[in-house]
Amino acid sequence: MSLRAADIPELGFQVGDHVCAFYSEGGYSNDDIAVDYVTKGLQAGNKCVCMIDTASSVRDRIPGELVSRDGILQFLTEDEGYLPEGYFSKDTFIRRLEAILKEAFSEGYDRTWLLGDESFVVRNAVDIKTWFAAESEATEVGIQYPHFKMCLYNLDLFDGETVMYVLKTHPRIFVNGMIITNPHYIPARQFLDSL
Amino acid sequence: MTPTERRVSSTNDAELAVDARLSSVNAVFTLSLILTQATSPGQVMRLVTTAVPAIAPGQKALAWHPRRSGSYYERAPDKNSDELARLTGPHRLEMGDSSSWWAFPLTSPPGSEPVFLVIAGSDPLSDEEAFLLSVLAQLCGTVIAKLELIAAERANTQRVAALNAELESAVSRLTRIMEIHRRLNEIVANAGEMGIAETLHRLTTFPVLIQDVHGTTRATAGDVPGDHLAKEQPGQRQELIRRLRISHRAVYHRRAWLVLANPRADVLGVIALVDPARTASQIDLAALEYAATVLSVELARLHSLAEAELRSQAARERDIARARAADLAASEARQRAILQAAHDAVISIDRYARVSYVNSAFEHIFGYRAGEVTGRELAEVVVPPSLREAHRQGFARYLATGQPRILDQRIEITAMRADGSEFPAELTVTRTGPADAPVFTGYVRDITERQRAEQELMASRARLVTASDTARQRVTRDLHDGAQQRLVTTIINLQLAEQKWESAPQRARELLGLALRDARHGIEDLREIAAGIHPAILTQHGLAAAIDALTARLPIPVQIDVPDRRLPGAIEASVYFFCSEALTNIVKHARATSAWVRVELEDDRCAVEVRDDGIGGARPRSETSGLNGLRDRIGALNGTMDIISPATGGTVLQACIPLSSSSQREGA
């Protein structure tokens with residue numbers, strides 16, 4: 001099942017949304033979700049910035065005519081997006097997100113489509129609480145710049161306890177082809193207080 | 001803290017508690033949504049059990065089954081198995097330790113034992129936690145059931161897809177094989193072994209070679225390398241055939257796939273798919289094996305035709321041989337019977353003039369037994385010594401020149417009997433047998449009797465001439481001495497009577513009387529002479545009347561027994577003169593007092609006997625005697641004559657004359 005990116009606005013994708021999506025082997029493919037999400041953003045003439053592990057395979061599946069401007073489609077490596085200092089820093093990450101959104105806005109894009117595959121957390125043994133503190137704060141980042149944020153979680157890598165953190169830090173969930181409001185979401189301040 | 005503050009504080013605590021409960025419910029609800037995206041029961045159970053601490057802090061979760069372990073659950077301890085198996089809802093377990101144990105059954109399909117979500121913690125579960133975990137367990141079971149159902153469906157789908165793919169492949173393969181069969185069958189019907197090779201080559205693109213069981217190439221198609229056309233050593237070939245016979249499938253040998261064409265137990269040939277790179281597919285090998293089957297049928301058909309033709313030819317040849325043998329045997333038997341029954345002596349010699357066969361007549365004529373002459377030189381056996389050298393030279397000359405002088409001709413020779421006596425023989429020689437083994441067969445007839453008969457015939461003819469002359473002379477003499485004298489005397493007496501008629505009438509009358517007497521005597525003499533030539537009474541009244549008249553003039557009594565039946569003239573005359581001559585001899589020489597004449601007529605012969613009671617001892621006195629004349633007369637009618645005349649007295653003359661049907665008809 002694809003993301004049905006063309007239907008995203010109709011599904012209630014709202015500007016400033018911070019959405020989590022889950023994939024696993026044999027189920028949703030992270031590449032399929034990424035291709036549909038980016039395709040929709042490019043079709044709208046928006047800038048797309050992807051921090052995913054499979055950049056080349058996704059790039060190859062994007063129709064070339066959609067890449068209408070230099071820099072409209074940007075892929076950041078794990079080090080460029082998450083670990084610019086060689087380790088994960090919540091503050092650095094948050095600033096990096098703000099910079100990306102600000103830069104896109106300055107470049108004249110109406111909106112920016114951010115996409116991140118968070119498997120790097122497991123690979124790099126990032127502290128769960130640190131990461132989800134960053135996730136919780138990210139919901140509030142760049143609200144002055146129109147954008148969408150989607151975080152991809154591999155259910156084969158993360159356990160139930162981690163999933164519960166994901167649900168607490170993302171106000172909206174992409175599940176079963178739909179974006180729904182997450183009843184288990186905890187506002188950032190409350191969440192950070194609970195840590 | 002004032003009461004108000006306490007009331008506010010209490011209100012805040014209550015709100016927080018409600019928020020916490022709602023958060024837990026939301027957590028279970030949201031987690032259940034996420035679980036719907038899990039892809040395996042193990043993933044579901046892992047997410048659930050690891051999420052439990054977030055839902056019920058201080059608790060850990062396990063997945064147990066009462067009876068067994070599985071991919072996402074463990075087997076419960078034996079002491080809890082029966083207890084778990086009986087549970088239908090949440091239940092606290094007594095594990096015998098200080099922890100609090102709860103079991104929550106997962107929703108499961110009807111009729112199956114559920115898996116349990118087992119929660120253990122140092123603190124007992126609150127009612128809210130137990131409720132949430134019960135809900136979570138049921139949601140978990142529902143998701144797992146759905147996944148298992150999906151997995152089963154997927155497996156079914158995959159199985160169906162696999163079956164479809166297999167079926168499609170099988171259909172494709174069958175279609176291909178049917179095409180192979182069709183093409184090969186069409187070709188076999190039209191083009192035989194070469195057609196099989198060409199078709200298999202076109203179907204597989206590999207060079208094709210068909211050999212007989214000994215390795216001799218019968219047909220090729222495609223570019224067959226030369227070393228494949230070379231024959232193997234007989235021992236190697238036999239070993240290869242043995243391997244192929246055992247395998248029943250294509251065997252890779254000398255960079256080619258080989259299959260036997262062996263209908264029934266016979267090995268008729270080998271068909272090879274030359275494949276140096278060993279890239280032939282199963283379809284190619286199937287084509288090869290079917291081509292071998294088709295080749296088997298074709299070779300069996302040719303073999304049967306050849307066998308049938310051979311059987312037919314052998315039967316024909318056998319029939320012909322039997323017929324020839326039968327003919328030959330019959331011919332030989334017939335020939336041998338003919339030769340054995342032949343009156344002529346038959347003697348065969350080989351190219352060395354050695355006797356190889358004689359018949360019974362040879363033994364009779366030459367006085368040898370067959371065993372005495374077989375293998376001996378012909379000249380020593382039958383050729384008189386004075387003629388042997390000439391005979392040998394003539395035989396050698398013929399063998400040297402091939403120019404025959406006596407072959408297939410009838411010649412008269414002088415032969416020699418076993419006792420050394422010589423005899424005249426008539427010889428005819430024929431040649432038979434192949435050129436390098438000729439057989440000469442002589443047919444020898446003893447012509448002693450024939451020559452004697454010829455001599456007798458010549459003598460008889462001479463006697464007839466003599467008798468005829470004598471008879472003419474006698475008639476002349478009788479006419480001169482008898483009738484002529486009486487007629488002369490009659491004329492003289494008539495002339496004297498005429499002269500005396502006037503002068504002496506009495507004398508004239510006496511002379512007339514004498515003339516009349518002499519005339520009468522003359523007539524009687526003429527009658528006698530005429531009777532000696534052919535009596536008129538015989539012609540007019542037959543044999544019985546003629547003999548009766550003949551005997552009437554004889555001076556002795558004759559008893560007659562002659563049938564009154566007419567016979568052919570020649571026979572009546574011969575019998576009449578036979579009886580006349582015999583009776584004359586009786587009157588003249590036998591001094592007999594009585595005589596008898598008897599004639600008997602049978603169907604095919606006439607027997608005549610004239611007998612007397614005289615002195616006997618009668619012998620023909622000369623070649624011209626009357627008896628020899630009679631013998632000639634009787635012999636002229638193929639009859640025989642015998643004289644029985646002992647010196648003691650009495651003579652019997654017997655004659656036997658054959659009566660031919662023609663002579664009988666003539667007589668009738």
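In which helix of chain B is the place of Leu487(B)? Leu487(B) belongs to helix H12, which spans residues 448-503 of chain B. The legends below describe a predicted model.

**Figure 1. A nonpolar surface patch that includes Leu487(B).** Three leucines, Leu479(B), Leu487(B) and Leu526(B), form this nonpolar patch on the surface. Together, the three residues have about 210 Å² of accessible area. Leu487(B), placed in helix H12, is partly exposed, and its relative accessible area is 38%.

**Figure 2. Overview of chain A.** Chain A contains nine helices and seven strands. Of its 195 residues, 54% are buried. Among the contacts in chain A with a separation of 6 or more, 76% are between residues 24 or more positions apart. Chain A has an accessible surface of about 8200 Å², and carbon and sulfur atoms account for 47% of this area.

**Figure 3. Salt bridges in chain A, including the pair Asp32(A) and Arg61(A).** A search over all chains of the structure finds 31 salt bridges. In one of them, the side chains of Asp32(A) and Arg61(A) meet with an N to O distance of 2.8 Å. Asp32(A) is part of helix H2 (residues 30-43) and Arg61(A) is part of helix H3 (residues 55-61), so the pair ties together parts of chain A that are 29 residues apart in sequence. Asp32(A) counts as partly exposed, at 28% relative accessibility. Arg61(A) also counts as partly exposed, at 43% relative accessibility. A further salt bridge joins the side chains of Lys90(A) and Asp91(A), with an N to O distance of 3.2 Å. Asp91(A) has a relative accessible area of 40% and is partly exposed.

**Figure 4. Overview of chain B.** The secondary structure of chain B consists of 18 helices and 20 strands. Chain B has 668 residues, and 37% of them are buried. For contacts in chain B with a separation of 6 or more, residues 24 or more positions apart make up 52%. The accessible surface of chain B is about 37700 Å², with 54% belonging to carbon and sulfur atoms.

**Figure 5. The salt bridge between Arg392(B) and Glu377(B).** In this pair, the closest N and O atoms are 2.7 Å apart. Arg392(B) is partly exposed, with 29% relative accessible area. Glu377(B) is likewise partly exposed, with 21% relative accessible area. Elsewhere, a single network of salt bridges with shared partners joins Arg410(B), Glu412(B), Glu426(B), Arg450(B) and Glu454(B).

**Figure 6. The second largest pocket, with a volume of about 720 Å³.** The lining of this pocket consists of 29 residues. Those nearest the pocket centre are His391(B), Ile406(B), Ile411(B), Leu427(B) and Val429(B). Two or more lining residues come from each of several elements of chain B, namely helices H10 (378-382) and H11 (385-401) and strands E11 (345-349), E13 (410-416), E14 (422-432) and E15 (439-446). H11(B) gives the largest share of the lining, with seven residues.

**Figure 7. The largest cavity, lined by 14 residues.** The structure has three cavities of 30 Å³ or more. The largest cavity holds about 140 Å³ of space. Gln211(B), His228(B), Arg237(B), Arg254(B) and Leu258(B) are the lining residues nearest its centre. In chain B, strand E6 (208-212), helix H6 (234-247) and strand E9 (256-261) each supply at least two residues of this lining.

**Figure 8. Thr204(B) and its contacts.** Thr204(B) is located in helix H4, which covers residues 127-204 of chain B. Is Thr204(B) buried or exposed? Thr204(B) has a relative accessible area of 4% and is buried, because buried means under 20% relative accessible area. Apart from neighbours within four places in sequence, Thr204(B) is in contact with Leu273(B), Asp284(B) and Ala287(B).

Notes
Residues numbered from 1 in each chain as written. Chains lettered and ligands numbered in written order. Predicted model: local features only at pLDDT ≥ 70, side-chain atom pairs only at ≥ 80, totals over all residues. Heavy atoms only, no water. Patch = residues over 30% accessible without salt bridge, like charges linked within 9 Å, V, L, I, M, F, W, Y side chains within 5 Å. Areas by Shrake-Rupley, 256 points an atom, 1.4 Å probe, with all protein chains shown as cover. Salt bridge = Lys/Arg side-chain N within 4 Å of Asp/Glu carboxyl O. Helix = DSSP H or I, 4+ residues; strand = E, 2+ residues; numbered from the N terminus. Buried < 20%, exposed > 50% of the residue type's maximum accessible area, 1.4 Å probe, protein only. Contact = heavy atoms within 4.5 Å. 1 Å grid on protein atoms, 1.4 Å probe; cavity = no way out; pocket = protein on both sides within 12 Å on 5 of 7 lines; lining within 4 Å. Points joined across faces, edges and corners; volume = space filled by probe spheres on them.
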